[in-house]
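Hi,

Here is the structure I promised to pass on. Please have a look at it first, and then read my notes below.

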Amino acid sequence: MSGKTDIKSLDLKELEEFLCAGGEKKFRAGQIYRWLHKKRVTSFAQMTDISADLQAKLDAECDLTVLRKEHLQISKADGTRKYLFALADNNMVESVLMRYKHGNSACISSQVGCRMGCRFCASTLDGLVRNLAPSEMLEQIYRIEEDIGERISNVVIMGSGEPLDNYENVVRFLHMVSDQNGLNISQRNITVSTCGIVPNMLRLAEEGFQLTLAISLHASSQEKRKALMPVANKYAIDEVIGACRTYFEKTGRRITFEYSLVGGVNDTGEDAARLAGLIKGMNCHVNLIPVNPIKERDYVQSGRDEVLNFKNKLEKNGINVTIRREMGRDIDGACGQLRKRFLER
Ligand code: SAH
């Protein structure tokens, strides 16, 4: 960033403080906040009830973060839209819009790249470039709404990046996106997905949010998890499960476990039985996702039978399970595939 104030990352109170410190009246903050977060103008000059002097001053002191739609792919199979957005510094991030009967769901990125190193994931192949600012996370949603001319009702932070590796910005984003002066999305309709950064899971439990925490588990033993997810070397699977229990105790929110089924790696009956044992008695839900193969790795999807057997075994143990509908397979739907393909060109 330029060293100027990223005005779209300030919440209303901070915007008031910023303007008052510059000798402006407090009520200006509400006006400007509406321009930024309701009308989503792309320049200060469009703020027509603000004096030209103040417009010029804001322009000199602030960055007005706006993402540029670089590329859009629309799935012929299910209408899923995959966006590639360019940031002010020309880095790129992916976002996905999924349309369901119950509303529009946006899957957004929290970082450019990722440093978690999960073996099956395309987002992490070139490491972490940088964290996204709150404004850049909000903008992904604003520009999708503009593009489709409809409201977004659900947000999942499941695009590229590890949200709990960009903790402060993500928490600020969560406050702003659920704020009534902005998008006003119900926290119950927001999901944060993490690979299991235990200390920040525990911190998040104390923030007073009503959101859903999703854990990318993908294995039922420490040994197998380590082979798929390097983060397991730092935070063992038992600690992750312990943090999930604490999260539920503090928030009353049911945990979601994501489990990508990789053929011959984590999809046996033994894996399912061990998973059932691991999460027994927890108020939780398991989402099974046939792994989306990426060309850089030789992982394959589990067969239809393995997926169904896995699901049955969990259900016999009284665990809630769904098989995630694979959306956007024909449009580089897996995290980081589209950006990667663009960078390679
Ligand atoms: N870093 C966060 C959020 C981004 S990844 C996390 O780990 O949860 C979103 C989800 O997609 C995670 O569950 C991740 O493990 C999964 N994922 C990534 N690449 C995948 C692939 N090729 N096939 C299936 N799931 C994948």
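The notes that follow cover the domains, the salt bridges and the cavity search.

A word on ground rules: this is a predicted model, in which local features need pLDDT of at least 70, side-chain atom pairs count only at pLDDT 80 or more, and totals for chains, interfaces and linings use all residues. Residues are numbered from 1 along each chain as its sequence is written, and side-chain values use heavy atoms, with hydrogens and water left out.

The protein splits into domain 1 (5–63) and domain 2 (68–344), with bounds that come from an automatic or database domain assignment. Taken over C-alpha atoms, the centres of the two domains lie 33 Å apart. Domain 1 gives 14 residues to the contact and domain 2 gives 14 residues, where contact means heavy atoms within 4.5 Å. About 1,100 Å² is buried between domain 1 and domain 2, 45% of it on carbon and sulfur atoms. On the domain 1 side, Lys8, Ser9 and Arg40 lose the most area to domain 2, together 47% of what that side buries. (Buried area is the accessible area, with a 1.4 Å probe, that two parts lose on being put together, summed over both.)

Now the salt bridges, each a side-chain nitrogen of Lys or Arg within 4 Å of a carboxyl oxygen of Asp or Glu. The whole structure has 24 salt bridges, and the count between domain 1 and domain 2 is 3. Arg40 pairs with Glu145 in a salt bridge, with 3.0 Å between the closest N and O atoms. Another salt bridge joins Asp147 and Lys69 at 2.6 Å, N to O. That pair links distant parts of the chain, 78 residues apart: Asp147 sits in helix 4 (residues 134–148) and Lys69 in strand 3 (residues 68–74). Helices (H or I, at least four residues) and strands (E, at least two) are DSSP runs, numbered from the N terminus.

How many cavities of 30 Å³ or more are there? The count is 1. A cavity here is a set of points on a 1 Å grid over the protein atoms alone where a 1.4 Å probe fits but cannot get out, and lining residues have an atom within 4 Å of a point. The largest cavity has a volume of about 40 Å³, the volume being the space filled by probe spheres set on the points, which are joined across faces, edges and corners. Its lining includes Met92, Ser123 and Arg339.

Best wishes

Conventions:
1 Å grid on protein atoms, 1.4 Å probe; cavity = no way out; pocket = protein on both sides within 12 Å on 5 of 7 lines; lining within 4 Å.
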